[in-house]
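Welcome! Let us take a friendly walk through a protein structure, stopping at a few places along the way.

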Amino acid sequence: MTIDVPQEILDALTDVDMPRLPTEPGPSDVVRLAGVEAPIYRAGCVVVGSGAAGLRAAVEMKRRGDDVVVVSQSAWGGTSACSGSDKQTLHTANTADQGDNYNAMARAIRSGGAMDEDTAYVEAVGSSRMMASLQFLGLPLPQDPLGGTLRYQTDHDEVGRATSCGPRTSRLMVKVLAEEAIRLGVPFYNQTTAVKILTEGAGADRHVVGILAMRATDRTEENPLGIALFVTGVIVLAAGGPGELYRDSVYPNGCFGSLGLALEAGVELVNLTESQFGIGTRREGFPWNLSGTYVQAIPHIYSLDSDGAERHFLAEYYRSTQELASNVFRKGYQWPFHATRMLDFGSSLVDLAISRETAAGRRVFMDFNRNPLSVPGDLPFSLERLDEDVRDYLGEAGADQDMPIDRLKHMNPLAIELYRRYKIDIAEEPLEFAVNNQHMNGGIMVDTWGRSSLGGCYAVGEAAGTHGVTRPGGAALNAGQVFGTRAAEHISATCRAKRYPTGDITGTAEAGIADLAVLRTESPLTVKSIRSQVQARMSDKAGILCDQESVSGALIEARKLNAEIRANGVAHGRAAEAVRGVQWRHMALASEAVLSALDFFIRNGGGSRGARAICHAEGESLPLANSGPLQDYRFRKERQAHREQQIIVRLDGNEITLSTRPNRSFDESARSFFERDWPAWLTGRIYDRGTDG
C-alpha cells in the first residue's frame, strides 16, 4: 500500500524558504589604498561562506561572545543550500541495538585509508552532539513512536548510521542555523567575494591580518571593482568545494570554493587526489545526485544515439537480467564510483558503462515508466528474480509495485516532487543524466581543531581536507558541523576574536590590492576561455579513469595556463566579470594543484582507489563484461603504503611543491579519567594555546 503524503508536508520538505538577511553594518572607515577609496570593515573573526559548516562556526562563536561576521558570495546559494539527493544524509552514531560505539564508527569513517585516525574519532564522538543540537534548533529528523531517530544504510556504511529529512536535509540545516545566527545578531555581508588573504610575519610566525574582498555594494567611481578590506586576525574558510573545476559536475553553478584562495596564501592542502564521482542530472538543468531510491526503484536505463536510436547498453556489461537490475539497485547505497566495484560485475560497472556512452556522444536516460529490459537470451525482469539483498530490501520497504515510478512513489514521494518543482516530471518523461564530479574529499590540511598551517586560518566543511579516500555517505555533513563547532571552541578559548583588531595594515593591504592587477581590460585570456580549458581538462583527463600519460600531459597544460595568466592577466569588462576573473585564476591554480598531486601519486606507483581507476597496460585488475574483458580499463591495485600516508600540496612562489606525511594515529585503548583529566579542561590546556598551525 502506498501512503499519500499530504501536500503541505511535501511543500515543507522540498520548498525550504530561507530567512531574510539582516541589514549589514556599514564600514568603520573609508581610506585610500593603492589609488582606491576602499571601505574598511573590522571583525574579530571573518567566516568565509554561509553554508551549514560556516554558519555552525559563526553561531558557536557568537554564543561564546566573539565578534564574528559572515561574508558570502551568494547567501543561501552554495552547495549546502542547493545540493542534495533523494534522501540527503546526515551520518551520526547509531543506537546500541546496532552494536555501535564511537571507536567502531571512527574505524568505519577512516576505513578507506589516507585519513587521520584522530580526525575520524573527533567526527564520530562529536556526531551525537551535532545531531542533538540540530534537532534542538528545529531540524525535522524523522523519529519512531518511542523517540528513536530513523536510520538507513548508505554509501560505505555497513551498520546503518544514516538519517535524513529528505532531499533538502542540508538546506534545512542551513535554514535552522541561519535563523539562529540572525537571532544572535551575527552580521552578514552578502554579495561579498573573498579574493585575497592578507598575512604578515614569516615562517612559523606568519599569520592572518585581513582579507580583501570584492563587493557589489561598494562599487563607486573611485572604487569601480568594489574592493573592500576586512581587518581581522582570524578567518574560517567555509566556502565549500571547487564545484566549477569540472565540466561534468553536479555542483550548483558558481561554486568556486576557497582552495585557490588558500593556495595563494601559502596554506598547505592535502589529499587533493581524492574526490567523489557518481550519477546525477546535469547542471545545465537541475543538478542532483541520483542515489538512494531513484535507483532502488530499478528504472530502465538506456541511451540515445545522434539518430535517436535507443541502446540497451547495460546488457553489454551484465550477464543476466537479474545481475543487471540488482546492480542498478545497488547504486542506491554504493552511489560513488569505486574502481574495485568494476570487478566481478559489481555496481561501478554501471558508472563505467554510462561514462563510455557519453564519451561516445550518446545521451543516457533513466525511465521510471519501464522496468529494465532483459539481457538478450535471458528471462525478463521480475521482482522475484533479484539478488537476495535486493529482494530483502524491497520486501522490507513494501516496494512490490509493478512499475519503477510506483515503487519510487511508495518509498520516497519527495524524490518525485522535488524534480516536479523544477518543471521536470519524472512520472511522465525520462530523466537525462551522466557520471559527474560531486565532492572534494581533500582540501585544506587541518588539525583536530580545524587549524590550518597558517596562523589564524581555520577551515571547515568541504574546504577542509578531513576526509580520506572514501567516507560514509553523509559523513561530510557531520564533519562540517563537528569541525565548525571545534574551530569556534578553539577560537573562543584562545580569546583571539573577542573584539576586532585596531592595528594599521595599510601597507599589507596595498600590496594585496596590487596583486589584483592580474585583472586587465585587455588580455587574450577571458573568463570563458579559462573556464573552457580547466573544465575540459579536468573532466577528460582527471575523471574516474586516469592514466599516467594523460595526467602528465594535463599537468603540463595546466602549468602553461597559469604561466599565461601571470604574464597576461585575465580580461574583464563589467565589474562582475572582474570577480569571476579572480575566481577563475583561483580555479586554474586549484586545477594545477590537483593534477600535480595526482601525477605525483601515479608516478610513485599509486593505484586505483576511491574516485579513480588508474589504468595501466600491466595492471593487476581487469574488469569483465558480458561482451568480454575490458582490456582498455585494466587498472593497478592500491598499495597498502599509500593508505597510510597523505600527499601535501603547497604553493611556493609560482611552483607547486609536494610532500607526504603519515596519517596521524589514535590510540583506541586510551582511557580518560575524570579527576586526572578535568584540570586540562578547566585551564584550557586541551586547546594547545601555544601553537596556531
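## A buried glutamate and its partner

Our first stop is Glu60, which is buried, with a relative accessible area of 5%. The model shown here is a predicted one. Glu60 makes a salt bridge with Arg63, and the closest N and O atoms of the pair are 2.6 Å apart. Arg63 counts as exposed because its relative accessibility is 51%, above the cut-off of 50%.

Where do Glu60 and Arg63 lie? Both are in helix α2, 3 residues apart, which is about one turn of the helix. An α-helix has 3.6 residues a turn, so residues three or four places apart point the same way.

## Other salt bridges

Side chains of opposite charge can pair when their charged atoms come close. How many salt bridges does the structure hold? There are 43. One of them links Glu244 with Arg283, with 3.3 Å between the closest N and O atoms. This pair ties together distant parts of the chain, 39 residues apart: Glu244 is in the loop between β11 (235–237) and α7 (259–264), and Arg283 is in the loop between β13 (275–281) and β14 (288–289). Are these two residues buried or exposed? Both Glu244 and Arg283 are buried.

Arg247 and Asp248 form another salt bridge, in which the closest N and O atoms are 3.2 Å apart. Arg247 is partly exposed, at 34% relative accessibility, whereas Asp248 is buried, at 18%. Elsewhere, salt bridges that share partners join Arg56, Glu60, Arg63, Arg64, Arg129 and Glu489 into one network.

## Where two helices cross

Two packed helices are described by the angle between their axes and the distance between the axes. Here, helix α2 (residues 52–63) and helix α14 (residues 475–493) have axes that come within 8 Å and cross at roughly 35°. The crossing of α2 past α14 is right-handed.

Which residues meet at this crossing? From α2 come Ala52, Ala53, Arg56, Ala57, Glu60 and Met61, and from α14 come Gly480, Gln481, Gly484, Thr485, Ala488 and Ile491.

## A covered helix and a buried strand residue

Helix α12 (residues 404–411) is mostly covered, with 6 of its 8 residues buried. These buried residues are Pro404, Ile405, Arg407, Leu408, His410 and Met411. What do they pack against? Their neighbours are the helices α8 (293–296), α11 (388–397) and α13 (413–421).

For a strand, look at Thr193, which lies in β8 (residues 192–200). Thr193 counts as buried because its relative accessibility is 10%, under the 20% cut-off. Leaving aside neighbours within four places in sequence, Thr193 touches Gln73, Leu212, Ala213, Met214, Val579 and Gln583.

## A nonpolar patch on the surface

Our last stop is on the surface, where Phe674, Trp678, Trp681, Leu682 and Ile686 form a nonpolar patch. Together these residues have about 580 Å² of accessible area. Leu682, one of the members of the patch, is found in helix α20 (residues 674–683). Is Leu682 buried or exposed? Leu682 counts as exposed, because its relative accessibility is 56%.

Conventions. Residues numbered from 1 in each chain as written. Predicted model: local features only at pLDDT ≥ 70, side-chain atom pairs only at ≥ 80, totals over all residues. Heavy atoms only, no water. Patch = residues over 30% accessible without salt bridge, like charges linked within 9 Å, V, L, I, M, F, W, Y side chains within 5 Å. Areas by Shrake-Rupley, 256 points an atom, 1.4 Å probe, with all protein chains shown as cover. Salt bridge = Lys/Arg side-chain N within 4 Å of Asp/Glu carboxyl O. Helix = DSSP H or I, 4+ residues; strand = E, 2+ residues; numbered from the N terminus. Buried < 20%, exposed > 50% of the residue type's maximum accessible area, 1.4 Å probe, protein only. Contact = heavy atoms within 4.5 Å. Axes fitted to C-alpha atoms, helices over the stretch in contact; angles between N-to-C directions. Left-handed = near helix turned anticlockwise from the far one by under 90°.
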